[in-house]
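I would ask you to look at the structure with me as I go through it.

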Amino acid sequence: MCIPAEICILCGRLRSSVCPDRSSSRMNWSGLESLVSGVNKYSTAFGRIWLSMVFVFRVLVFVVAAQRVWGDENKDFVCNTKQPGCTNVCYDHIFPISHIRLWALQLIFVTCPSLMVIAHVKYREGKDRKYVEVHQGSHLYANPGKKRGGLWWTYLLSLIFKAGFDSSFLYILYRIYHGYNLDRLSKCSLSPCPNTVDCFISRPTEKKIFMVFMVVTSAVCILMCILEMIYLIGKRISKMKNVRNENQRLVFADQHELTTMAPPRSQYRRVDPTLTESQLSLNKREKTKERQKTTVL
């Protein structure tokens, strides 16, 4: 019994021995998922939402449903003419590039920038490993996956690339098909068509729904990337302000360091050496009485 390829992909166990006739004809998205999911532990909350959006609402829908919906676009494309070559020319004019292939390229380009972060972390881990061997146990990085220094810039650059690729593919889709709509009826007057012919695509409403869904999910992913960039930059600015305020506080404390107060002048009063102990005690008693009077008044 052959397990469906979509179930294999969802479980991450797509094997040629189980489905030899279908695994070779479909792209193995589970390998890409397992590779890109490694960046999840270095991501923020927005990055984890983005990864879930990509592999649940985009890759999953693409593999399970979209490929089947768009699989008959060439076979069931019909024009009301028998002129040889007219249907093929009109189909090439109306569909310059297949939606499925365009979305596959988009998913590949969008997920690849995450590999930059993984490669940078691996580079740090290798560098730290060599440092430990040379310096006998002391580490170069306390945590190689911590987004500091160059890794912070690499992560921010990957977000810019992801948002840029998604935006570019949305623009390409809009320019090629003149919007995010599929008309039930298309006019074509290209050669070798004898005149203007009417061409029809199969299941236009269903295809339009899937196209709008993919566009909306791409827009949400772009929003997640922008929010994550704002979060990272805001957190970096806040940390820099805290460090600057702490440095200013330390400088102020160093410049205004309090010296020890001078002892009271009474400690430096000279005692007449000619006075006897009884006279000294008498003077002390008189001073004590005077203080008591002042306190009573």
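I shall begin with the overall fold, then turn to helix packing, the cavity, and several individual residues.

Before anything else, please note that this is a predicted model. The protein has 297 residues, of which 33% are buried. Its secondary structure consists of nine helices and three strands. If you follow the chain along the sequence, the elements come in the pattern α-α-α-β-α-α-α-α-β-β-α-α.

Let me now take the helix pairs, starting with α3 and α8. Helix α3 covers residues 45-69, and helix α8 covers residues 204-255. How do the axes of these two helices cross? They come within 10 Å of each other and cross at roughly 165°. An angle over 145 degrees counts as roughly antiparallel, and α3 and α8 are therefore roughly antiparallel to each other. The crossing in which α3 passes α8 is left-handed. As for the kinds of residue in the contact of α3 with α8, 19 are nonpolar, three are polar and four are charged.

The next pair is α5 and α7. Helix α5 runs over residues 99-111, and its axis lies 9 Å from that of α7, at an angle of about 165°. That angle makes α5 roughly antiparallel to α7. Here the crossing is right-handed.

Helix α7 also packs against α6. The axes of α6 and α7 are 8 Å apart, and the angle between them is about 165°. The two helices, α6 and α7, are therefore roughly antiparallel. As α6 passes α7, the crossing is right-handed.

How many cavities of 30 Å³ or more does the count give? The count comes to one. The largest cavity holds about 50 Å³ of space. Its lining is made up of Val39, Ser43, Gly47, Trp50, Ser114, Val117, Tyr155, Ser158, Lys162 and Glu228. Which element supplies the largest share of the lining? It is α7, with three residues. Sorted by class, the lining of the largest cavity has four nonpolar, four polar and two charged residues.

In sequence, Phe161 and Pro113 are 48 residues apart, while their C-alpha atoms are 6.4 Å apart in space.

Gly164 also belongs to helix α7. With a relative accessibility of 30%, Gly164 counts as partly exposed. How far apart are Gly164 and Ile222 in sequence and in space? They are separated by 58 residues in sequence and by 8.2 Å from C-alpha to C-alpha.

My last topic is the backbone. As background, most residues other than glycine have a negative phi, and most peptide bonds are trans.

Please find His178, in the loop between α7 and β2. Although His178 is not a glycine, it has a positive phi of about 55°. Is His178 buried or exposed? At 71% relative accessibility, His178 counts as exposed.

Arg203 is likewise not a glycine, and its phi is positive, at about 50°. You will find Arg203 in the loop between β3 and α8. Its relative accessible area is 36%, so Arg203 is partly exposed.

Finally, please look at the peptide bond from Ser191 to Pro192. This bond is cis, with omega near 15°. Pro192 lies in the loop that joins β2, residues 185-188, and β3, residues 197-200.

To close, let me recall some of these points. The predicted model has nine helices and three strands. Among the helix pairs, α3 passes α8 in a left-handed crossing, whereas α6 passes α7 in a right-handed one. The largest cavity takes the largest share of its lining from α7. In the backbone, the bond from Ser191 to Pro192 is cis, and both His178 and Arg203 have a positive phi. Thank you for your attention.

How values were computed
Residues are numbered from 1 along each chain as its sequence is written. This is a predicted model: local features need pLDDT of at least 70, side-chain atom pairs count only at pLDDT 80 or more; totals for chains, interfaces and linings use all residues. Side-chain values use heavy atoms; hydrogens and water are left out. Axes are lines fitted to C-alpha atoms, for helices over the stretch in contact, and angles run from 0 to 180 degrees between N-to-C directions. Helices (H or I, at least four residues) and strands (E, at least two) are DSSP runs, numbered from the N terminus. Angles under 35 degrees count as roughly parallel, over 145 as roughly antiparallel, 65 to 115 as roughly perpendicular and the rest as oblique. A crossing is left-handed if the near helix is turned anticlockwise from the far one by less than a right angle, and right-handed if clockwise. Ala, Val, Leu, Ile, Met, Phe, Trp, Tyr, Cys and Pro count as nonpolar, Asp, Glu, Lys and Arg as charged, and the others, Gly among them, as polar. On a 1 Å grid over the protein atoms alone, a cavity is a set of points where a 1.4 Å probe fits but cannot get out, and a pocket is an open set with protein on both sides within 12 Å along at least five of seven lines; lining residues have an atom within 4 Å of a point. Grid points are joined across faces, edges and corners, and a volume is the space filled by probe spheres set on the points. Buried means under 20% relative accessible area, exposed over 50%, partly exposed in between (1.4 Å probe, protein chains only).
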